[in-house]
Amino acid sequence: MSDSASEIMIAPTAPKRIKLSESENEDRLGDLPETVILHILSFLNAKQAVETCVLSKRWKDLWKRLPKLILYSNDYRTYKIFTKFVSKVLALRDSSMALQALDFRRQNGCLELHILKRVVNYAISHNVQQLGLYVNGDIAEIPSTVFSCQTLTHLKLSIYPGLNRETMFPKSLTLPAITNLQLEHFTFCVGDNDRVEPFLNFNRLNSLVISKCSVRGGQTLYLSNATLINFTIYDDGDNFYKVDLCTPCLCTFVFTGTPYQRISGCNASSLKHVDIDADISSCPGDPPLFLFSWLLEFANIKSLTVSAATLQVLSLLPNLLNIKLPSLVNLKSLRIIIKALEYGFRKRLCDVKLRKVKSKKEAARLRKAFKKGLEPSPLIPEGIVDFLLQNSPSAEVDFIDEERLPRRARDL
């Protein structure tokens, strides 16, 4: 194998040399210190970074010293080209350079396990600190070396094995440096002590995201961690389980999806900020009515952010406005995100209401209003804001148009 960078390029298109001044003899980008150029290149995917080798002699080998590798299969015409490129990049990269971050994605297709192992083992052997693996194909496991890496501080794992299959989250982990963990499509199983308690020994963890995960048998996920500050759940399925928060430092809780989970926060008195965007579009049966119990658990929060859809789901609880709310006594801020309700969500709300009507005339009115896009009306259920503020009447209330939110806030 030649050590020429141009040989690993797949159908390269030589970019023109960019002049950043009026003088044709001045190349301000090329004159920057190497550390600055490498930092700039680290924002490019690996294919684009390699293609810079044709700019000049100085750029020929710069990509080999990149502190970050971004390898996405969608950047290549075929899977074969992608795997060939990955193998050559790992073989030709300067092995004396530590690898700060690696982001690997294989979407919409199979991936041989030996390719994934090579990528992972290369990253770990080069003291990787931030690792992201996204595999959507016929793989139900990831190399065990990931869960014993001593240098990892940030880890993102999304391993979707396909329908009717599960990816089990390991019961025993050794990740002493981990501070940020994101998991998608994992199943948590009961351990030897009859508890699902996967994060107990993560002594530096401060941010946890679990997306589309489940607990075997609908049992309890014990979130026991003394350092956790931020906890986020994304789940648009019917994954029912209980979450027991044993997190004395937890400050922020974010939930997006279908609220099938029961949450117990008796050991999360430090929780101050809650953000909920509930959806029931994909509910196969009656929508879950757990949101009210969440409000009871989050007794000491100071700020609450909810979407209009969340308030619609909450309002499905029978006689809600007649209930004396014993919590939210310390609430200082209530933010309501205004966004249009999607068709599937509106349809589910209409179906729920149709099951409760007492006359054919009322049912006909509901169906007609739904077809005209007038149901539900109003967007914010009447009386529900006052219900939330009954113990904190002086709390500041903001109605915020979703389109005016920063992109990062909208993606939460």
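Me: How much space lies in the largest pocket of this predicted model?

Reply: The largest pocket holds about 780 Å³ of space. Among the 31 residues that line the largest pocket, Gln130, His154, Lys156, Asn180 and Gln182 are the closest to its centre. Elements that give two or more residues to this lining include β1 (68-72), β2 (101-106) and β3 (130-136). The most comes from β10, with 4 residues.

Me: What kinds of residues make up the lining of the largest pocket?

Reply: The lining comprises 14 nonpolar, 12 polar and 5 charged residues.

Me: How do you know that the span of helix α3 agrees with its number of residues?

Reply: Helix α3 covers residues 79-92, and its 14 residues should span 20 Å at 1.5 Å a residue. The end C-alpha atoms are 20 Å apart, so the two values agree.

Me: Why is α3 called largely enclosed by the rest of the structure?

Reply: A residue counts as buried when its relative accessible area is under 20%. Of the 14 residues of α3, 11 are buried, and the helix is therefore largely enclosed. Among the buried residues are Tyr79, Phe82, Lys88 and Leu92. Their cover includes α2 (46-51), β1, β2 and α4 (113-125).

Me: Why is aspartate 244 called buried?

Reply: The relative accessible area of aspartate 244 is 13%. Buried means under 20%, so aspartate 244 is buried. This residue is found in strand β11 (residues 242-246).

Me: Which residues does aspartate 244 touch, not counting residues up to four places away in sequence?

Reply: Aspartate 244 touches Thr220, Leu221, Tyr222, Leu223 and Ser264. Leucine 221 is 23 residues from aspartate 244 in sequence, and their C-alpha atoms are 6.2 Å apart in space.

Notes:
Residues are numbered from 1 along each chain as its sequence is written. This is a predicted model: local features need pLDDT of at least 70, side-chain atom pairs count only at pLDDT 80 or more; totals for chains, interfaces and linings use all residues. Side-chain values use heavy atoms; hydrogens and water are left out. On a 1 Å grid over the protein atoms alone, a cavity is a set of points where a 1.4 Å probe fits but cannot get out, and a pocket is an open set with protein on both sides within 12 Å along at least five of seven lines; lining residues have an atom within 4 Å of a point. Grid points are joined across faces, edges and corners, and a volume is the space filled by probe spheres set on the points. Ala, Val, Leu, Ile, Met, Phe, Trp, Tyr, Cys and Pro count as nonpolar, Asp, Glu, Lys and Arg as charged, and the others, Gly among them, as polar. The expected span of a helix is 1.5 Å times one less than its number of residues. Buried means under 20% relative accessible area, exposed over 50%, partly exposed in between (1.4 Å probe, protein chains only). Contact means heavy atoms within 4.5 Å.
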